[in-house]
Amino acid sequence: MILIVDDTPENLISLKKVLEKHDFEVDTASSGEEALRKVLRNEYVLIILDVQMPGMDGFEVAEAISGYSKAKETAIIFLSAANTETRFITKGYSSGGLDYITKPVDMSVLLLKVKTFYRIYEQSRKLIEIQTALLEEIEFRKQAEYKKDEFISIASHELKTPLTSVKGYVQLLERSIDKGDVQTVKKHLLKAQTQLEKLNNLIADLLDISKIESGKLKFNKQNFYIGDLLKNLVEVMSHSFPDYKIVINGQVKSCIFGDEMRIEQVIINFLTNAIKYSPGTSEVVINVREENERIYLGVRDYGIGIAPEQQKSLFEKFYRVEETALHFQGLGIGLYISAEIIRRHGGTVGVQSTLGEGAEFYFEIPLISPPEID
Ligand code: ADP
């Protein structure tokens, strides 16, 4: 927008008319003081400033404007009856463009100058935009880099823990075998197996992440019954977590078309989280039902729960609730992978929770999921 400052109303009107005829947006002020007030409130590309005005003259206005950071990019064209030297005009006004036109104003010259200043303004605005975008990109990359470093260090630690345990059990096994103590051999073998299973799951998760990133996570969709899947799963999980009672609440009779292994992976992730994040409790409930050609499956625990402000980030890659991350091991990728699997089944994931009272992580998918979603 252009601001014309002149104490003579006829000058204001005629200049405004010409500029508006050439599609410029125009504002006016009839004194230096009014101009300053307007500059504080609005943003102008250009100010056409009469020099001789009662009260503040044009030079004083320009000098005052030079102190406003808001008007840093604003150009000024002075209009004066007398041919004043430009070195007086530039006093105190160092940024933005400056020019000078004598009265009576030659409209074609004024228009040319206005157009030139506008072009310069547009170019510098674009440059500033590019600069801001570049700075944002640099900042974003730094943070990614930072998250990646942090992830690599956590991941290495997570991988090393079960590996060290397995090494320990193998050494103990060697001793027990030498002693011929079959009972202890069996015990150590079981423990080593559990740790290997952990290692296997971690590596599988890491592979899934890289598959998601490269768009190579493939699905093998077929018809299956979720009831059968749940029954088997609860049996196996109850074996691994004997302190927990896993209850199935509700049933689904219809057949689902989807990738059974991947859906099972999501439910296992919800269940292991439900158990991990509910120390001191002993029950986890799977709520399952069929509604409007869709399946709802929620895993309810009575554990630590999640504060409302953190709930929306839970399904993001690497996200872990900071307050609890120190007390529970994990990489912050399980829910991200789960969300991607459900998204690729045309469904949605979510959580309902009250801090300190547990959580219900759930997904909803259509009975017949679309064959392929990218
Ligand atoms: P991980 O458990 O390895 O950190 P996830 O992606 O499975 O990674 O979960 C992300 C975060 O969500 C966890 O770090 C935890 O803060 C929170 N979370 C997940 N499940 C639960 C739950 N049942 N109760 C409370 N917090 C949970």
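Q: A polar contact is a pair of N or O atoms within 3.5 Å; within protein, one must be able to donate a hydrogen and the other to accept it, and residues adjacent in sequence count only if both atoms are side-chain atoms. What makes the pair of Asp 259 and Met 261 at the start of H8 such a contact?
A: In this predicted model, local features need pLDDT of at least 70 and side-chain atom pairs count only at pLDDT 80 or more, whereas totals for chains, interfaces and linings use all residues. Residues are numbered from 1 along each chain as its sequence is written, and side-chain values use heavy atoms, with hydrogens and water left out. A side-chain oxygen of Asp 259 comes within 3.2 Å of the backbone nitrogen of Met 261, and the pair therefore meets the 3.5 Å limit.

Q: Why is Asp 208 called buried?
A: Buried means under 20% relative accessible area, exposed over 50%, and partly exposed in between (1.4 Å probe, protein chains only). Asp 208, in H6 (residues 182–213), has 4% and is therefore buried. Other buried residues of H6 include Val 185, His 188 and Ile 212.

Q: What does Asp 208 touch?
A: Contact means heavy atoms within 4.5 Å. Beyond residues up to four places away in sequence, Asp 208 touches Leu 217, Arg 262, Gln 265 and Ile 337. Of these, Arg 262 is one of the buried residues of H8. The cover over the buried residues of H6 includes H5, H8 and H11.

Q: Is Lys 115 buried, partly exposed or exposed?
A: Its 42% makes Lys 115 partly exposed. Lys 115 lies in H5 (residues 107–179) and, apart from neighbours within four places, is in contact with His 22 and Phe 24.

Q: Why is Asp 23 called exposed?
A: Asp 23 has a relative accessibility of 72%, so it counts as exposed. Asp 23 lies in the loop between H1 (9–21) and S2 (26–29), and has a positive phi of about 70° although it is not a glycine. Phe 318 also has a positive phi, near 70°, but at 23% Phe 318 counts as partly exposed.

Q: What surrounds the ligand?
A: A residue is near a molecule or strand if one of its heavy atoms lies within 4 Å of it. There are 21 residues around the ligand, with Asn 273, Tyr 277, Asp 301, Arg 320 and Leu 335 the closest. A polar side-chain atom of Asn 273 is 2.8 Å from a ligand oxygen, and a polar backbone atom of Leu 335 is 2.8 Å from a ligand oxygen. The protein covers 96% of the 530 Å² of accessible area that the ligand has on its own, by the Shrake-Rupley method with a 1.4 Å probe. H8 (260–276) and H11 (334–343) are the elements giving two or more residues to this shell; H8 gives the most, with four.
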